[in-house]
Amino acid sequence: MHEKCGVVGISLQDRDAARPLYYSLYALQHRGQEAAGVVTHDGFQQHSHVETGLVGDVFDEDDLGQLNGANGIGHVRYPTSGALDKSCAQPFSVSFKSGSLGLSHNGNLVNADEVRDELAELGHAFTSDGDTEVIAHDLARNLLEEDLVRAVRRTMGRIHGSYSLTIMHDDTVLGVRDPKGNRPLVIGELEDGYVLASESAAIDTLDGETIRDVEPGELVVLHPDGTGYDTYQLVDSDSTAHCFFEHVYFARPDSNIDGTLVYDARRELGRRLYEEAGIDTDVVMPVPDSGRAFASGYAEAAQDAGADVDFAEGLMKNRYVGRTFIMPTQDERERAVRLKLNPIKTTVEGKRVTLIDDSIVRGTTSTQLVELMRDAGAEEVHVRIGAPPIVAPCYMGIDMATREELIAADKSVEEIREEIKADSLSYLSIDAIAATLDQERDDLCLGCVTGEYPYDIDGEATDREVERPVIQSSLADD
């Protein structure tokens with residue numbers, strides 16, 4: 001699985017927003033490593049710098065110096081919709097009769113093609129195949145006829161899917177969260193302004209205070225002078241569809257999302273994993289990095305229950321190895337696991353090991369990790385996973401895998417255990433996820449672990465009543 005995207009928007013009183021936006025994007029770098037960008041407005045005109053690459057490579061001092069203005073938005077991207085090139089990098093900018101517009105998007109639309117086709121018939125020219133440009137064009141069209149709040153409401157009534165947005169209309173920055181709240185968005189206060197961001201860790205980086213999560217279906221409009229903000233509940237929904245994988249894998253452990261500190265959630269998930277599937281071993285080891293908090297909670301629960309077990313960092317991560325998915329062949333991807341992770345033999349040799357990870361996707365990495373443990377002298381290797389089996393793809397902004405690639409899509413837990421060659425294998429239950437996050441199952445997006453989705457996706461089942469907007473070509477009505 002690969003991270004989705006990160007968005008940020010800032011309005012300050014009397015200093016340029018470029019550098020705080022830059023620092024915020026650094027704090028959100030884990031959410032996207034393929035492209036980064038900032039758009040600012042100085043009260044007269046818009047300034048933009050968007051490129052492919054990591055934040056530190058995309059911006060230098062000269063770039064930041066040219067991004068004038070106390071208001072701006074930023075984005076880090078992993079390509080979830082649209083090709084990987086500069087044309088799909090964000091923020092996406094457009095100038096039109098009513099001014100300038102910049103837009104950053106975290107999530108994925110289900111009906112982007114329908115809206116794009118309608119707008120194309122009306123004369124809109126698209127420069128990319130991404131869904132963010134669709135939102136920008138639709139909003140720009142509505143701004144020709146409505147004020148800002150009504151234009152946003154109209155666009156929200158036409159797009160269907162997952163989105164958290166930071167938008168800049170001229171020098172006004174606003175944030176929008178989809179009616180199901182699938183992707184996170186928080187608002188924070190700085191000493192001299194306000195900030196919207198995908199995660200609270202970005203606000204912490206700026207020495208700010210998190211105020212609260214933006215509510216599902218809510219619009220937040222920052223005052224251009226940095227002195228306050230206004231909120232509008234534009235769409236109400238009977239239920240939410242928070243992505244539980246934010247707490248399991250994607251978000252930084254030091255972020256608060258939907259009222260829960262991610263680190264605390266992962267430790268509690270680890271405790272519940274022991275309660276559901278604990279096994280007597282000599283050592284509990286995390287797969288770094290996201291498995292660390294799970295393993296800590298699991299080991300603590302085991303010790304509280306009287307088990308004589310140690311918690312140990314038995315796998316060391318080489319942080320200078322690139323992402324394994326760029327390796328062109330399967331053999332090289334498997335070799336990359338050994339380049340990235342190396343066991344400490346004295347921790348493993350002669351021991352019964354419980355290996356804790358956040359998920360199993362294709363199974364390749366898990367197979368390699370079990371083999372690493374055995375090569376290092378482990379007597380037994382038991383694998384415990386801090387999430388349910390992933391049985392279906394994600395359409396909401398996670399570049400996960402196809403059904404054909406997902407090992408749990410057509411295999412039982414026992415069959416997966418045999419394939420990865422572990423002595424035992426257990427996953428955390430969906431009920432444990434819901435209880436840990438203090439959410440009803442109906443308020444979570446569980447599509448990847450149930451195959452039923454909270455949005456109307458062609459060819460897929462839904463887990464609730466879903467009303468998808470009907471997009472009709474105005475030309476077809478003539």
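By buried I mean under 20% relative accessible area, by exposed over 50%, and by partly exposed anything in between, with a 1.4 Å probe and protein chains only.

Before I go on, please keep in mind that this is a predicted model, in which local features need pLDDT of at least 70 and side-chain atom pairs count only at pLDDT 80 or more, while totals for chains, interfaces and linings use all residues. Residues are numbered from 1 along each chain as its sequence is written, and side-chain values use heavy atoms, with hydrogens and water left out.

The partner of R292 is D289, and the two form a salt bridge in which the closest N and O atoms are 3.2 Å apart; a salt bridge here is a side-chain nitrogen of Lys or Arg within 4 Å of a carboxyl oxygen of Asp or Glu. D289 counts as partly exposed as well, at 29% relative accessibility, and it is found in the loop between β17 (283–286) and α10. The peptide bond that leads from P288 into D289 is cis, with omega near 5°.

Let me step back to the whole protein. There are 16 helices and 26 strands, where helices (H or I, at least four residues) and strands (E, at least two) are DSSP runs numbered from the N terminus. The C-alpha trace spans about 70 × 50 × 40 Å along its principal axes. For 478 residues a compact globule would have a radius of gyration near 23 Å, and the protein has 23 Å, which agrees; that radius is taken over C-alpha atoms, and the globule rule is 2.2 Å times the number of residues to the power 0.38. Of the 478 residues, 59% are buried. If we take the contacts with a separation of 6 or more, 70% of them are between residues 24 or more positions apart, contact meaning heavy atoms within 4.5 Å.

Now to charge. How many positive and how many negative side chains does the protein have? There are 43 positive and 89 negative ones, and the centres of the two sets lie 4 Å apart. In this count Lys and Arg are positive and Asp and Glu negative, while His and the chain ends are not counted, and each charge is placed at NZ of Lys, CZ of Arg, CG of Asp or CD of Glu. Side chains of opposite charge can pair when their charged atoms come close. Over the whole structure, a search finds 34 salt bridges.

One of these joins R183 and E246, whose closest N and O atoms are 3.6 Å apart. R183 lies in the loop between β8 (172–177) and β9 (186–190) and E246 in helix α8 (residues 245–250), so the pair ties together parts that are 63 residues apart in sequence. Both R183 and E246 are buried, and they belong to a network of salt bridges that also links R31 and E199.

Another pair is R212 with E218, where the closest N and O atoms are 2.7 Å apart. Are these two residues buried or partly exposed? R212 counts as partly exposed at 27% relative accessibility, whereas E218 is buried, with a relative accessible area of 5%.

Let me turn to helix α1 (residues 18–27), which is mostly covered, with seven of its 10 residues buried. The buried ones are A18, P20, L21, Y22, S24, L25 and A27. What covers them includes β1 (5–12), β2 (35–41), α2 (55–58), α3 (61–65), β4 (71–77) and α7 (200–205).

I will finish with some loops. D308 lies between α10 (291–304) and β18 (310–311) and counts as exposed at 69% relative accessibility. Leaving aside residues up to four places away in sequence, D308 touches T281 and D282; D308 and D282 are 26 residues apart in sequence and 7.0 Å apart in space, C-alpha to C-alpha.

A cis peptide bond with omega of about 5° joins Q90 and P91, and P91 sits in the loop between β4 and β5 (92–96).

Lastly, K421 has a positive phi of about 65° although it is not a glycine. K421 is exposed, with a relative accessible area of 55%, and its place is in the loop between α14 (413–420) and β23 (424–427).
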